[in-house]
Amino acid sequence: SLPDTARTQLGIVPEDPDTDPETASQEFVVSLCKLIGPGIPIVICLDQVEALLRRPDDIESLAALGRLVSTLQDGTENVLTVACMQTSILSTLRAAIRGADWQRMAQFGEDRLSPLNQREALLIVKSRLDAVPAIRSLRPPKAKPIWPLEQSEIDTIVGDGCTPRTLISQCSRLLQQRRVPGGAGQASGCR
């Protein structure tokens with residue numbers, strides 16, 4: 001809601017107190033997408049959908065997500081919604097969203113990221129370490145690209161495959177144990 005003074009300056013009629021905030025928000029987003037125009041594609045990316053859960057048994061927030069995506073599908077011609085979540089909440093999401101909304105959400109299918117292999121893991125570790133100036137400046141001239149980490153440590157973390165989050169978290173832990181500058185959140189790039 002805007003303060004009354006801001007509404008007056010903008011010439012906006014006061015909100016109807018009986019209007020459901022969720023409905024008003026959905027109408028606003030649909031109107032904005034229509035204003036942009038049907039010839040311009042809009043991709044809405046929803047990352048970490050699991051963060052909507054206020055508690056483990058909270059299904060209302062997931063149901064609201066389903067209604068929002070359904071409203072966007074029905075009210076626009078130029079919008080694609082991509083939702084990313086941990087696979088552990090997928091069954092909860094399906095149970096929370098009514099059938100018609102789920103069909104709209106899943107109309108383009110679903111996919112899962114494959115676990116990282118050794119080569120992919122090494123590329124991620126190298127790029128994250130290269131992104132931290134403090135580590136780059138301490139790296140000896142002939143050191144391996146993943147210095148101060150060892151290949152065997154990466155092999156152990158990856159095993160038969162791991163997620164990027166696990167890899168980054170475990171490498172960050174190793175850097176913290178060694179007290180490498182930038183080894184906490186800086187080197188990991190995620191929380």
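In which hand, left or right, does α6 pass α9 in their crossing? I found the crossing of α6 past α9 to be right-handed. I kept in mind that this is a predicted model.

Next I wanted the geometry of the pair. Two packed helices are described by the angle between their axes and the distance between the axes. For α6 and α9 I noted an angle of about 50 degrees, and axes 11 Å apart.

Then I listed who makes the contact. From α6 come A121, I124, V125 and L129, and from α9 come L167, I168, C171 and L175. I sorted the α6 contact with α9 by class and got 8 nonpolar residues, with no polar and no charged ones.

I moved on to the cores. The largest nonpolar core holds 17 residues. The members with the most contacts inside it are V125, L129, L149, I154, L167 and C171. Two or more residues each are given to this core by α6 (118-130), α8 (151-158) and α9 (164-177). Of these, α9 gives the most, with 4 residues.

I took a second look at C171. Leaving aside residues up to four places away in sequence, C171 touches V125, L149, I154 and I157.

My last entry is for a second, separate core. I counted 11 residues there, among them I89, L90, L93 and A96.

How values were computed. Residues numbered from 1 in each chain as written. Predicted model: local features only at pLDDT ≥ 70, side-chain atom pairs only at ≥ 80, totals over all residues. Heavy atoms only, no water. Core = buried A, V, L, I, M, F, W, Y, C linked by side-chain atoms within 4.5 Å. Buried < 20%, exposed > 50% of the residue type's maximum accessible area, 1.4 Å probe, protein only. Contact = heavy atoms within 4.5 Å. Axes fitted to C-alpha atoms, helices over the stretch in contact; angles between N-to-C directions. Left-handed = near helix turned anticlockwise from the far one by under 90°. Nonpolar A, V, L, I, M, F, W, Y, C, P; charged D, E, K, R; others polar.
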